[in-house]
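Open the model in your viewer and keep the sequence panel beside it. The tour goes from the whole chain to the core, and then to a cavity.

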Amino acid sequence: MSNVLNLISEETYTEKMDTQNALLKAIATKAGGGLDYPIKINSWAMVQQLVRLGVGDKVFKIGDQFICEHEVYGPLVWDVIGINQDTPADSNYKNSLTIQLHDCLGGETLQFDAPEPTNPDLRRSQYGSNNWACSNIRQWLNSHDAAGEWWEEKTQYDAKPSYADSMDGFLRGLDEEFLSVIGEVRKITANNTVTDGGYSETSTEKIFLPSITEVFGGLNNGVSEGVAYSYYSENTTLTAPGTTGDANRVRFWNGAPTYWWLRSPNTAGSFSIRYVSIDGGIGNFGANNSRGVSPVCCIV
């Protein structure tokens with residue numbers, strides 16, 4: 001069972017001294033959580049401090065869990081899926097702690113992107129766009145705005161998704177202390193070869209969906225969309241990497257396994273997006289279909 005790190009706001013003077021001593025010893029010995037005086041994590045700011053000091057990999061381990069509050073979704077459990085695997089966008093910082101929501105949001109209600117009736121590309125007019133940078137789901141994940149206010153056109157053909165007027169932006173109601181330690185990182189996403197020119201695009205992300213490479217390993221049409229997060233590469237139930245079912249990739253909504261979106265396009269078309277299936281395998285669906293999301297972010 002993974003450790004659940006409960007963040008407590010109050011600490012006695014003695015506890016503060018123990019924490020300080022443990023932190024100093026962790027830095028000096030690089031022994032981290034194995035110390036005689038284990039480090040007591042009592043705030044998101046302290047998690048960030050440990051990451052910035054470069055001892056995150058000595059204090060935390062893959063599979064550890066954090067809990068934060070959301071006014072709409074209640075307690076959100078986050079898994080540590082990577083340590084120093086993501087590159088901060090701000091060059092003043094070198095280290096990161098990557099965390100992913102343990103279960104899904106939205107069940108099977110969130111379109112990656114809505115159909116675009118005026119788009120001259122027939123597939124996008126029917127099924128929406130598979131371009132992550134312009135997607136409706138990226139807007140929703142990174143918005144503080146209320147329902148009916150967060151969506152805006154990103155292209156001349158963009159159309160409003162089904163949930164735009166009924167759901168607040170994901171960041172609205174999320175613990176502000178938690179949000180204050182989340183930093184932007186650079187991510188690589190493949191482009192489809194039909195309408196978007198192929199190759200890849202590098203973007204700056206705060207709350208994002210993982211790529212096929214980050215969850216399954218391998219390439220997306222020759223593009224390495226990052227590297228496989230340790231959470232997936234080390235905890236796999238497979239004897240070798242692959243895209244077949246793997247229990248470690250299964251995510252739940254209301255107690256049942258559900259499908260969840262990746263940010264990676266099926267590069268052979270303009271409309272199809274990769275997703276993780278209910279058995280932890282890989283699939284493709286039109287962007288207008290409704291799936292869940294298991295977002296990722298980084299403490300920087």
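Accessible areas here come from the Shrake-Rupley method with a 1.4 Å probe. This is a predicted model.

Start with the surface of the whole chain. The chain exposes about 13100 Å², and carbon and sulfur atoms supply 48% of that area. Of the 300 residues in the chain, 51% are buried.

Switch to a cartoon view. Eight helices and 15 strands make up the secondary structure of the chain. Among contacts between residues at least 6 apart in sequence, 62% join residues at least 24 apart.

Next, select Ile137, Trp140 and Phe170. These have the most contacts inside the largest nonpolar core, a set of 62 residues.

Stay on Trp140 and show its surroundings. Which residues does Trp140 touch, leaving out those up to four places away in sequence? They are Tyr73, Leu105, Leu110, Trp150, Tyr163, Met167, Asp168, Gly169, Phe170 and Val293.

A search of the whole structure finds one cavity of 30 Å³ or more. The largest cavity holds about 90 Å³ of space. To see its lining, select Asn130, Asn131, Trp132, Ala133, Thr189, Ala190, Asn191, Asn192, Asp196, Glu201, Ser203 and Pro265. Coloured by type, the lining residues divide into six polar, four nonpolar and two charged.

How values were computed
Residues numbered from 1 in each chain as written. Predicted model: local features only at pLDDT ≥ 70, side-chain atom pairs only at ≥ 80, totals over all residues. Heavy atoms only, no water. 1 Å grid on protein atoms, 1.4 Å probe; cavity = no way out; pocket = protein on both sides within 12 Å on 5 of 7 lines; lining within 4 Å. Points joined across faces, edges and corners; volume = space filled by probe spheres on them. Nonpolar A, V, L, I, M, F, W, Y, C, P; charged D, E, K, R; others polar. Core = buried A, V, L, I, M, F, W, Y, C linked by side-chain atoms within 4.5 Å. Buried < 20%, exposed > 50% of the residue type's maximum accessible area, 1.4 Å probe, protein only. Contact = heavy atoms within 4.5 Å. Helix = DSSP H or I, 4+ residues; strand = E, 2+ residues; numbered from the N terminus.
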